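Subject: Structure handed over, with notes

Dear colleague,

Here is the structure I said I would pass on to you. My notes on what was found in it follow below, and I would be glad if you read them with the model open beside you.

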Amino acid sequence: MCKCDEVVQETMTSDDTNTQVERSNNKSRIIPQVLACMAASLGTLCSGAVNGWTAGALTSLDADPHMNMGTLQNAWVVAIIALGAVVGCPLAGYVMDLLGRRKTILVMCPFTFLGWITMALAVNLELVLTGRALCGLTTAFLFSAVPVYCSETPEAKVRGALGTLSSLFLTFGVVLSYVAGACFPWRISCYICGAPCLLTFAAIMLVPESPYWLLIKGKKADAEASLRWLRGPNYDFSKEIAEMEAKMLLVGKKLEFRELWRPRTRRPFLIALFMMTLQQASGGNILIMYTGTIFISAGVADHNMATVYAGLVQIVGTLLSVIMMDRAGRRPMIIISTAVMGTATLMLGVYYYVHNVMGNFWPRWVPLITVLVAVFGYCLGCRTIPWLLSAELFNTTIRSTANAVTLFYNRFLNFTVIQRQREKLLNRFKSTLRKKLYHQYMKSMT
């Protein structure tokens, strides 16, 4: 080999080495992005505990002789969180854009904890409703901020997977409230469900703000520092910053509600509203919030353990949804979810009809299985996909506003559906089990 060829070969080897070093230096770290999304998703764990608390604790609260509970009061204990969220939703988008996604979660944690403490120390039903309303108000901000943070913080290749963490932690919160309500008196369950608020506050203190929000506010140096924390110190984020700036140049920085009805946003907005309608019309939230009451009215022997089973089924369904969502696609998953849930709910309706008309004709395990299957079907797609799409479908500038508007619509539907269902779900419960539950409550207190 001639000396010239040796020089060329050494030069090529040197270039390859430099290229490999450059690629290695530009490789992002995934773990910080996962930790940041997990810390934010603890906010939906707090919200899930608020949503699911009545499923396990309503029977204990109803049996408390210090609470003047009736059918209407039971319904208000369940529904007032949706009313609180309806009040908070119009402010959520504005607060998110003013304070930032991270700081919104941070500020809401103490108020959610205050709501739980108000309930735990309540001497009458009015204070219980006040605490529930405060918790419902804060969930509007948490439900808005967490999905947006989890969609803006990760890089594109992991955004889909990490975007579903908020729904998964929502399920964990529901299950926590189920177990707390099934195993402890309602006051103790309030303390247990309030504990995640403190954990969320501590965790969110350790993670950075969304780089998108920082860039929108003109804080480019802070946005670069946020990306450096999230992607690693050796990551070259100049290209990512340039892409963010190009998007903002295209869509603008000024936030306007009329942007939702412009051609580029109208179709995603209508799709998001349709998905929220499907979620509430499916009846899944009724099953989640009234699980224990439904089991009692259907004659299930141990309604507390049945409620815990329902919580475990929710975890399995949500995990399967998270795993399959990017592989199977959003549309197939939502179709399967509605089909499974619709079939199971129809079977539960047939059971109630046969039970009322013909007596105990079917075995008592039928309602347990049908409710578990319905809850599983709901978690396969109806619970997770609407929240994910409400953050995915919109560009960065309008995302927080669109998320708040769709959440307002969701909570309004939720409140309406719960109020319409109260008589059907609670009348039999009130007439058959008041004495039995009163004795159980007094025994647990002694």
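In this predicted model, R101 and E152 form a salt bridge whose closest N and O atoms are 2.9 Å apart. R101 belongs to helix 4 (residues 101-120) and E152 to helix 5 (residues 125-152), so the pair ties together parts that are 51 residues apart in sequence. Both R101 and E152 are buried. R101 also meets the side chain of D97 in a salt bridge, with an N to O distance of 3.1 Å, and D97 is buried, as is R101. Taken together, D97, R101 and E152 are linked in a network of salt bridges.

The structure holds four salt bridges, and one of them joins E245 to K220, with the closest N and O atoms 3.5 Å apart. This pair links distant parts of the chain, since E245 sits in helix 11 (residues 238-251) and K220 in helix 10 (residues 220-231), 25 residues apart. E245 has a relative accessibility of 34% and therefore counts as partly exposed, and K220, at 38%, likewise counts as partly exposed.

Which residues of helix 10 are buried? They are A223, S226, L227, L230 and R231, and because they cover an arc of only 110° around the axis, they lie on the same side of helix 10. Just after helix 10 comes G232, which takes a positive phi of about 115°.

A82 has a relative accessible area of 0%, and so it is buried. Its C-alpha atom is 6.0 Å in space from that of G136, although A82 and G136 are 54 residues apart in sequence. If the neighbours within four places in sequence are left aside, A82 is in contact with R411, N414 and F415.

As for the chain as a whole, its secondary structure comes to 19 helices and zero strands. The protein chain has 446 residues, of which 56% count as buried. Among the contacts between residues at least 6 apart in sequence, 83% join residues that are at least 24 apart. The accessible surface of the protein chain comes to about 19700 Å², and 66% of that surface belongs to carbon and sulfur atoms.

Lastly, a word on confidence. The protein chain averages a pLDDT of 81, and 84% of the residues score at least 70. Over residues 10-24, however, the pLDDT is below 50, and this stretch has zero contacts in the model beyond near neighbours in sequence. Where pLDDT is low, the predicted coordinates should not be read in detail.

Methods: Residues are numbered from 1 along each chain as its sequence is written. This is a predicted model: local features need pLDDT of at least 70, side-chain atom pairs count only at pLDDT 80 or more; totals for chains, interfaces and linings use all residues. Side-chain values use heavy atoms; hydrogens and water are left out. Buried means under 20% relative accessible area, exposed over 50%, partly exposed in between (1.4 Å probe, protein chains only). Contact means heavy atoms within 4.5 Å. Helices (H or I, at least four residues) and strands (E, at least two) are DSSP runs, numbered from the N terminus. pLDDT is the predictor's confidence in each residue, from 0 to 100. The arc is that of the directions from the helix axis to the C-beta atoms. Accessible areas come from the Shrake-Rupley method with a 1.4 Å probe; for residues, only the protein chains shown count as cover.
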